[in-house]
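Open the model in your viewer and keep the selection tool at hand. The stops below go from one residue pair out to the whole chain.

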Amino acid sequence: MQKTQPGPLAGIKVLELGTLIAGPFCSRMLAEFGADVIKIESPEGGDPIRHWRVLKDGTSLWWSVQARNKKSLTLNLKEPEAQDIARRLALDADIIIENYRPGVLEKWQLGYEQLKCLNPAVIMVRLSGYGQTGPMRDLPGFGAIGESMGGLRYVSGHPDRPPVRVGISIGDSVAALHGVIGAMMALRHRDLTGGRWNGKSGGDCLAGQGQMVDVALYESVFNLMESLVPEFDHAGVVRERTGGALPGIVPSNTYTTGDGQNIVIAGNGDAIFRRLMLAIKRADLADDPALARNDGRVPRTAEIDQAIQEWCLTQDIASALLELQAADVPVSKIYSVRDMMSDPQFLARGMFEQHAFDDGTPVKLPAISPKLSETPGHTKWLGPRLGQHNAEVLQGLGYSEIEIAELAKRKII
């Protein structure tokens, strides 16, 4: 029943002008919750992510997730006629999402200010490495660069080794989430100030106030960096790499069990710390008044971590988890995707959806998050074939079958 009801964004039109991760992930989330998303792709192979990582029949398995629920329209945006089609779609959209370098859309007469002159209610989410202003605006910037400049890479890894990256493109994904939040706030503001544009101009124009949502990858990462700035500004503290530990919050670290498995234990709450120490048979540390609060534990981090590690080496991973869960201590093994696919919690929460490719081959996708009780998101279709929706979208703009065939012949689409 949930899969057939409209999502909370039903009726919202989104135009995606972007490739790879940040922009497409942003519009993916809107599509998952009911927005009508038209993705413009180059006729020459489409979005490069179609060919990234593990492939099935020449198409990325990632694509089935990243482009689910989207409509694929191919346009050669170097051609004025294709730019005109994109402009018509943009003026009809509630939200435009793009992640080109600043200035590219302006060359095609698709920039925010250019569209705003025609549709004052237009909302444009612009995701780029460094934002739309500043001395670095024109430089290329992927998620890895945003993670480096935004501070995440500096604090990731062990202190005696070079910084490391997280195993996913987290900078792009974090920027995409900022884009979704910005789009929802801008949409709320537009609706409070008059709503959707009525398609007219001059005195007959009725529209709320649109706006540009300027998302920089490095700023999105920077926004996650907790107390970095005030700690440096007030106390001159530069947070450094600490391996698996959470700096200044004790104990919270990764430990090794007797069977060589890794386990994360977060015993940093004051009451939790006492329960943890009793569970590992260290009543001396549990009853030590100097360790009753975090500020007293921080100077003795090494001692506390050593006590926990020594206990872990006497346990296998299963027994360690049972003991600490029984003591109400936050604890987890470090999951691989193999662990996730058979885990009772993942299964109970329905975190995998069963689908099938066009040839009938079954495939599981991650379920949609967050979970809304009344209007949950759902997967209507997997990532589309390149140009799969050309006819549907163009016919919606008034093009005939003959005109669409002519556009294809001239390689406009």
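Select L127 and V215: L127 stands opposite V215, which lies in strand 8. This is a predicted model, so local features need pLDDT of at least 70 and side-chain atom pairs pLDDT 80 or more, while totals for chains, interfaces and linings use all residues. Residues are numbered from 1 along each chain as its sequence is written, and side-chain values use heavy atoms, with hydrogens and water left out.

Now extend to strand 7, residues 123-128, which pairs with strand 8 in the parallel sense over six bridges. Pairing here requires at least two DSSP bridges between two strands. Strands are DSSP runs of E, at least two residues long, and helices are runs of H or I of at least four, both numbered from the N terminus.

Next, show the open sheet of six parallel-paired strands, in the order 5-2-1-6-7-8. At its edges are strand 5 (70-74) and strand 8 (211-216), each pairing on one side only.

Contact means heavy atoms within 4.5 Å. Then pick helix 3, residues 80-92, which lies across strand 1, strand 2, strand 5 and strand 6.

Finally, zoom out to the chain, with its 18 helices and 13 strands. The C-alpha atoms fill a box of roughly 80 × 55 × 40 Å along the principal axes.

Terms used:
Axes are lines fitted to C-alpha atoms, for helices over the stretch in contact, and angles run from 0 to 180 degrees between N-to-C directions.
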